[in-house]
Structure formats: C-alpha cells, structure tokens
Amino acid sequence: MTRKIRLQVWAALMCGGLAGQVAADAMDGNKQIFLIDKKGKAVQIGHIVFNRTGEHVTYQLHMDHQGKFKDYFLSMKEMKCLEGPELMCHLPYPYSQPRTVTAADMSWLSHDLLFMFKQPAEFGANFWNGVFYELQVDGEKIRGKARAVDLNHLASPPADLAIPPFGEAERDDIEIASRWLPYLEIR
C-alpha cells in the first residue's frame, strides 16, 4: 500500500469516526426541544434524555404541557395546543413502541412528536392535518422539517407494532410557507 493510499484510508477512518462521535453527541444526555417558526423564532416545548447502551440509544421524552401549551377540547378529546397564527396540538403516539433511535433512523421519536394544526376559528379537530417532523442529525443537533400525515391512520393500532406506521409512503410534502412552526430542533 502506498503512502498516499494509507493517508487516504486514515483520513476516511478519522472522518467516519468524527461523524459517529458528532452523531453520538447529538443523541447523548439531556437536550431541549424547540419548534421553530419561519422567521427562526424558537418555542421550547420540552426536553428529552438520550441514554446510550452499546449500539442502542433509548430516550425519554418530557413535553412541557404545563408551560406554553393550552388545554383545548376538540372532537371529544382533550388536547394540549400551542396558540399562534394557527393551533399546533401535540398528539402523543398512542401505542406501545421501543423509544429507540439511531443516527440513521429517528422514526420512533418523530412519532412521539406528532402534531395537528388547525385554524383557531375552525370547529373541532382535523386529524388529516397531521404534522410529522422528519428528523436527522445535523452536527451536534437534531433538526426536523414538517411533513404532512393523516393522523386518522392512528385510530386503530397498526398491524405490526414493531414498525413505525408513518413510513415514507405515508408522508407528503407540506407547504412550509403556510405553516406556523415548520421546523423542530433538539439541542
């Protein structure tokens, strides 16, 4: 092996190791969770504790429902909602799940951070107006961008509880300019 090739292999290993360390830092310890509007203003909605055990990372999510959220009774269901140009109501995933993540797959965490939006003057809940934050590690942060989902799919348990029900096929692009809080950040 020539010196040049050895240096290239060493550089690739170092970059991969550093990337893995950054992902580990993004998913390690106590982090704050924010929803972010189109102008960059952040609203803290809770915190999360990541716990690494070997290759697995588990998490405990703590939403601050007593803080900025207000109680609403919509379509015969009590909901915790953020008030702004639209209501953003948190809908916790209702079924058993492992609460695990990897740098490549944060689907379960996205399912715990499901929201529904509605105009304040609209009557009832519109579960087809679901918001799924598609999450990915970005340096030492986890960032999410809103995607549209139909929360009516959660009316009954999925056939296989081990598979997150909102896969890529169930997610649609959302018109970011029309949403109040189109981004999520964990830092």
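1. Leucine 35 has valine 43 in β2 as its bridge partner. This pair belongs to a predicted model, in which local features need pLDDT of at least 70, side-chain atom pairs count only at pLDDT 80 or more, and totals for chains, interfaces and linings use all residues. Residues are numbered from 1 along each chain as its sequence is written, and side-chain values use heavy atoms, with hydrogens and water left out.

2. Strand β1 (residues 29-36) runs antiparallel to strand β2 (residues 42-53), with 8 bridges between them. Two strands count as paired if DSSP finds at least two bridges between them. The two strands make a hairpin with 5 residues between them, and glycine 40 in the turn has a positive phi of about 95°.

3. β1 also pairs with strand β11 (residues 183-186), again in the antiparallel sense, over 4 bridges. Here phenylalanine 34 stands opposite glutamate 185 of β11.

4. The chain has 2 helices and 11 strands, in the order α-β-β-β-β-β-β-β-α-β-β-β-β along the sequence. Helices (H or I, at least four residues) and strands (E, at least two) are DSSP runs, numbered from the N terminus.

5. Of contacts (heavy atoms within 4.5 Å) between residues at least 6 apart in sequence, 57% join residues at least 24 apart.

6. Of the 187 residues, 41% count as buried, meaning under 20% relative accessible area with a 1.4 Å probe, protein chains only. The accessible surface of the chain (Shrake-Rupley method, 1.4 Å probe) comes to about 10,500 Å², and carbon and sulfur atoms account for 55% of this surface.

Note on methods. Buried < 20%, exposed > 50% of the residue type's maximum accessible area, 1.4 Å probe, protein only.
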